[in-house]
Amino acid sequence: MSLIDGLSIQISQMLLVLVSAPLLTGLVRRVKARLLRRQGPPLLQPYRDLIRLVRKEAVIAESASWLFRIVPYIVFAATWVAAALVPTFATGLLFSWSADLIVIIALLGSARFFLALAGMDVGTSFGGIGSSREAMIATLAEPALIMIVFTIALVAGSTQLSTVANAMLAGVGLRVSLGMALIALIIVAIAENGRIPVDNPATHLELTMVHEAMVLEYSGRHLALIELASSIKLLLYASLIACIFVPWGLAPAGAPLHVHLIGVAVYAAKLGVAGILLALFETMIAKMRVFRVPDLLGAALMLGFLGTLLRFVSRSL
C-alpha cells in the first residue's frame, strides 16, 4: 500500500469517527424514546444541537482562568485522536503502530484530568462536586481498564490493536478470561461515558450528576466541543469492544477499495447494534446511587484481575 493510499484511508477513518459519533448518540436517544413509547428527538438532532451551540456566543465567567478557555480544545483533541487510533473498518493503517491500548488509556486519562480541572476552575459548588465524583470514578475505572488490557495482551501477545484484532481473527477460541474482560470492559465503558446506571446524561439533578456538573459553566462553541467529545468517547468504547471482541469485517492491510467499503458497512452495522443494545439496557435498569458506583467498578476490577490471573495460570500449566 502506497503512502498516499495509507494516508487517505487513515484520514477517512478519522473523519468517519468524527461524523458518526453524533449519529450514534442520536440513535441511542431515538431508540430509548421509542422503547418508552415516546416520539423522541429526530435521529439527526445531535448535529442540529452542535450547529446551534457553535453559532452562539461563548459566555465565560469572570473568575475563569486561561485554563478554562483551552480545556474544551484539549479534551476534544485528545478524545478524537484516541478514537481515531482504534481500527474501525480496517487494520494495518498508517498510524497503526501508535494504536496501542496503553496510549488510548493515557489520552482518555489526560482528557479526564483537564476536564476535572476545568470543573473546579470557576469555583462553583457544582463543578467541584462533579470533579470530585469524576475523580472517584477514575480511581477505580482506570485500574480495571489496565487489568483488562493485561488480560487481552496475554491472549493476543500484544497491546497493539491491529495485532489484537488479527489474533482474534486467527481464532483464539472461547476463553473464560476473554468473557470476564468483555464484561469488565462494558462496565468500564458505561461508567466512563456517564451512562445509566452510573449517571444520567439527560438530567441536571444536582445530587446525581457527574459529567454535566463539570460542564455547567460552558456555553457556545466551548460546550459544542465538549458535547462532541462526549459523543466521540461513546463511539470510541463501542469501536474498542467491536475491534477486540467482534473483529470480523475489518479490511486487512493492502486490501482493495471494495473490501474497505464492506468494512465500513460492517462497522456501521456494529455501531447500530451497539446503540440499540445500550438503549435497551438503559431502559431496563434504574440509576443507582452515586456511592454504589464503586461497588460496580470494583466488580469490573475483580473481573479484570481474575481474567489476568486465569491467563497466568493457564500459561504456566
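The model is predicted, and local features need pLDDT of at least 70, side-chain atom pairs count only at pLDDT 80 or more, and totals for chains, interfaces and linings use all residues. Residues are numbered from 1 along each chain as its sequence is written, and side-chain values use heavy atoms, with hydrogens and water left out.

**Conventions for helices**

- Helices are DSSP runs of H or I with at least four residues, and they are numbered from the N terminus.
- Axes are lines fitted to C-alpha atoms over the stretch in contact, and angles between N-to-C directions run from 0 to 180 degrees.
- Angles under 35 degrees count as roughly parallel, over 145 as roughly antiparallel, 65 to 115 as roughly perpendicular, and the rest as oblique.

**Packing of α9 with α10**

- The contact (heavy atoms within 4.5 Å) is made by L234, L235, A238, S239 and A242 of α9 and by Y267, K270, L271, A274 and L278 of α10.
- By class, this contact has eight nonpolar, one polar and one charged residues; Ala, Val, Leu, Ile, Met, Phe, Trp, Tyr, Cys and Pro count as nonpolar, Asp, Glu, Lys and Arg as charged, and the others, Gly among them, as polar.

**Packing of α4 with α9**

- Helix α4 (residues 101-121) packs against helix α9 (residues 220-245) at an angle of about 160°, with their axes 13 Å apart.
- That makes α4 roughly antiparallel to α9.
- The crossing of α4 and α9 is left-handed.
- From α4, the contact draws on L101, I104, L108 and L115; from α9, on I226, K233, L236, Y237, L240 and I244.
- Nine nonpolar residues, no polar residues and one charged residue make up the contact of α4 with α9.

**Packing of α1 with α3**

- Helices α1 and α3 pack at an angle of about 120°, and their axes are 9 Å apart.
- That makes α1 oblique to α3.
- The crossing in which α1 passes α3 is right-handed.
- Q10, Q13, M14, V17 and L18 of α1 meet F76, W80, A83, A84 and L85 of α3 in this contact.
- The contact of α1 with α3 comprises eight nonpolar, two polar and no charged residues.

**Cavities**

- On a 1 Å grid over the protein atoms alone, a cavity is a set of points where a 1.4 Å probe fits but cannot get out, whereas a pocket is an open set with protein on both sides within 12 Å along at least five of seven lines; lining residues have an atom within 4 Å of a point.
- Grid points are joined across faces, edges and corners, and a volume is the space filled by probe spheres set on the points.
- There are four cavities of 30 Å³ or more.
- The largest cavity holds about 240 Å³ of space.
- Its lining has 20 residues, with L115, E134, E192, H211 and K233 nearest the centre.
- Helices α3 (66-85), α4, α5 (125-156), α7 (176-192), α8 (211-214) and α9 each supply at least two residues of the lining of the largest cavity.
- That lining divides into 10 nonpolar, five polar and five charged residues.
- The second largest cavity has a volume of about 80 Å³.
- It is lined by 13 residues, of which L101, I105, L145, L185 and L240 are the closest to its centre.
- The lining of the second largest cavity has 13 nonpolar, no polar and no charged residues.

**Pockets**

- The largest pocket contains about 820 Å³ of space.
- Among the 34 residues that line the largest pocket, T25, R29, P201, E212 and E227 lie nearest its centre.
- Helix α9 gives the most to this lining, with seven residues.
- The lining of the largest pocket has 14 nonpolar, 11 polar and nine charged residues.
- The second largest pocket contains about 660 Å³ of space.
- Of its 25 lining residues, I186, I241, A274, L277 and L278 are the closest to its centre.
- Helix α10 gives the most to the lining of the second largest pocket, with 10 residues.
- This lining divides into 21 nonpolar, two polar and two charged residues.

How values were computed:
Left-handed = near helix turned anticlockwise from the far one by under 90°.
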